[in-house]
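Hi,

Here is the structure we talked about. Please open it alongside this message; my notes follow below.

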Amino acid sequence: MNDKIYNVLVLCTGNSARSIMAEALINTIGKGRFRAYSAGSHPAGAVNPFALEQAKQAGYPTDGLRSKSWDEFAGPDAPHMDFVITVCDNAAGEVCPIWPGHPITAHWGFEDPAKAEGSDEEKRHVFAKVCRQISTRVQLFCALPIDKLDHNAIKREVNEIGQVLKD
């Protein structure tokens, strides 16, 4: 049995919704096998309250969640990342820092629930839908037999998860 804890950095431009929910879901569904962090290229400075609701519903403590820059994870004192996953198309197209250790990278695009319009209930519905989509991919990711696959197979599998139907 492999006792390694895999570090995962989830990136989005604003780090206020999708990447926050993915961080919470990976840390919850991963059951200690994964340690997820989230960050943004241009952090919004605050976590969207609907994203916090979704994290709470997943059973994840939200007191430490904050919108932060990806620069925090590019320095020499940052945790070594095994995976870097972008969850928005803008972040996927940006020039990222060079991550120490050359982690496996993938893009799992999701619509931006923070752009949802309408009543709070309508926004909540969009956040719940996107959170379910993220959860589906996170479940597939956390079930991968990473310790039994070679680097290329892991990369292929993580990329394929990004192609899974969203709903």
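**What I found**

Lys31 counts as exposed, because its relative accessibility of 74% is over the 50% cut-off. Bear in mind that this is a predicted model. Lys31 sits in the loop between α1 and β2 (34-40). Its phi is near 45°, a positive value in a residue other than glycine. Most residues other than glycine have a negative phi.

Asn15 also has a positive phi, near 50°. Look for Asn15 in the loop between β1 and α1. Asn15 is buried, with a relative accessible area of 0%.

**Lys68**

Is Lys68 buried or exposed? Lys68 is buried: its relative accessible area is 8%, and the cut-off for buried is under 20%. This lysine lies in the loop between α2 (49-57) and β3 (83-86). Where does its side chain reach? It reaches the backbone oxygen of Ser38, at 2.9 Å. Leaving aside neighbours within four places in sequence, Lys68 is in contact with Asn15, Glu23, Ser38, Ala39, Gly40, Pro43 and Phe73. So the buried Asn15 described above is among the contacts of Lys68.

**Val8**

Val8 belongs to strand β1 (residues 6-12). Val8 is buried, with a relative accessible area of 0%. Not counting residues up to four places away in sequence, Val8 touches Ile26, Phe34, Arg35, Ala36, Tyr37, Met81, Phe83, Ile85 and Phe141. Thr105 is 97 residues from Val8 along the chain. The C-alpha atoms of Val8 and Thr105 are separated by 9.7 Å.

**Helices α1 and α4**

Helix α1 covers residues 18-29 and helix α4 covers residues 120-142. They pack at an angle of about 45°, with their axes 9 Å apart. That angle makes α1 oblique to α4. The crossing of the two helices is right-handed.

Which residues meet there? From α1 come Arg18, Met21, Ala22, Leu25, Ile26 and Ile29. From α4 come Phe127, Val130, Cys131, Ile134, Ser135, Val138, Gln139 and Cys142. By class, the contact has 11 nonpolar, two polar and one charged residues. Ile26, one of the α1 residues in this contact, also touches Val8.

Best wishes

Terms used
Residues are numbered from 1 along each chain as its sequence is written. This is a predicted model: local features need pLDDT of at least 70, side-chain atom pairs count only at pLDDT 80 or more; totals for chains, interfaces and linings use all residues. Side-chain values use heavy atoms; hydrogens and water are left out. Helices (H or I, at least four residues) and strands (E, at least two) are DSSP runs, numbered from the N terminus. Buried means under 20% relative accessible area, exposed over 50%, partly exposed in between (1.4 Å probe, protein chains only). A polar contact is a pair of N or O atoms within 3.5 Å; within protein, one must be able to donate a hydrogen and the other to accept it, and residues adjacent in sequence count only if both atoms are side-chain atoms. Contact means heavy atoms within 4.5 Å. Axes are lines fitted to C-alpha atoms, for helices over the stretch in contact, and angles run from 0 to 180 degrees between N-to-C directions. Angles under 35 degrees count as roughly parallel, over 145 as roughly antiparallel, 65 to 115 as roughly perpendicular and the rest as oblique. A crossing is left-handed if the near helix is turned anticlockwise from the far one by less than a right angle, and right-handed if clockwise. Ala, Val, Leu, Ile, Met, Phe, Trp, Tyr, Cys and Pro count as nonpolar, Asp, Glu, Lys and Arg as charged, and the others, Gly among them, as polar.
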